[in-house]
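Here is a friendly tour of the fold you are looking at.

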Amino acid sequence: MKKIYTIALAFAASFIFAGCATQSDYVDASNTQIAVKNKHRMSSSDWVVASEQMGADMLSSFEFTEFLTAYKMDADEMIKTQTAAGKKFSAREKLGIYKPNLYLSEIQNNTAEHIDTKLITNRLREVLFKSGKVRITTAYAGAGQVRDDASHQARNLKYDPAADRSSHVKQRGIKGYDLSLGGAIIKQTARDGRANELSYTFSLTLTDNSTGQGVWTKVIEIKRQHLQGGFGW
């Protein structure tokens with residue numbers, strides 16, 4: 001009897017320890033259905049949903065398509081005129097001429113949370129760049145965005161005696177940006193009994209910097225609800 005009791009106790013202990021063991025595994029970061037969602041603050045899945053929806057809407061919108069068509073017409077006319085005047089364009093120059101340069105401007109965080117807005121703009125930048133419809137400047141960036149100073153530093157190599165002169169880039173070769181993308185994030189909360197609601201509103205506007213006019217704008221709201229259990233969370 002004592003032996004049976006000892007075996008049962010050992011089995012129970014192993015079951016308890018197995019249940020308390022910490023488990024960690026990789027999951028698909030793009031799968032918003034299985035992602036753990038924070039009850040009171042923004043979750044990583046919110047960034048995925050917002051960036052995918054806004055990027056897809058911009059690329060498929062009539063307004064953005066209309067702008068790209070007009071931009072290409074202007075590029076054709078400019079190349080035609082300057083070629084007739086004797087100017088020659090390299091393949092890389094034409095690549096930049098036919099695609100508008102996009103500047104990632106400031107995304108205002110109008111919430112009480114500490115939100116790194118690069119989480120949404122980095123995803124948007126990838127979506128837009130991979131579309132092949134725009135080029136994105138990294139030499140300039142808005143507040144809170146990533147700026148790569150390498151383009152500016154490369155123009156100072158001419159002062160370095162160790163640098164090969166034939167590899168120097170042009171002093172005034174950095175391309176200005178045609179478009180800028182900026183916006184804001186707003187948070188709202190609501191509670192009714194045991195029901196809690198968390199809402200984030202993302203608004204973005206694409207601006208034609210040659211005219212200062214908006215090209216495209218989009219507002220999406222991501223709303224999540226949590227029901228508090230009868231004995232707490």
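Two strands count as paired if DSSP finds at least two bridges between them. Helices (H or I, at least four residues) and strands (E, at least two) are DSSP runs, numbered from the N terminus. This is a predicted model, where local features need pLDDT of at least 70, side-chain atom pairs count only at pLDDT 80 or more, and totals for chains, interfaces and linings use all residues. Residues are numbered from 1 along each chain as its sequence is written, and side-chain values use heavy atoms, leaving out hydrogens and water.

The open sheet has five strands in the order β2-β1-β3-β4-β5, with mixed pairing. Its edge strands, β2 (135-136) and β5 (213-227), each pair on one side only. Inside the sheet, β1 (residues 101-110) runs parallel to β3 (residues 179-192) over seven bridges; Q108 has A184 in β3 as its bridge partner.

Angles run from 0 to 180 degrees between N-to-C directions, and axes are lines fitted to C-alpha atoms, for helices over the stretch in contact.

| Helix | Strands touched | Angle |
|---|---|---|
| α3 (residues 62-84) | β3, β4 (195-208), β5 | about 150° with β5 |
| α5 (residues 118-130) | β1, β2, β3, β4 | about 155° with β1 |

Now look at N196, which lies in strand β4. N196 is buried, because its relative accessible area is 12% and buried means under 20% (exposed is over 50%, partly exposed in between; 1.4 Å probe, protein chains only). N196 and Q228 sit 32 residues apart in sequence, yet 7.5 Å apart in space, C-alpha to C-alpha.

Notes
Contact = heavy atoms within 4.5 Å.
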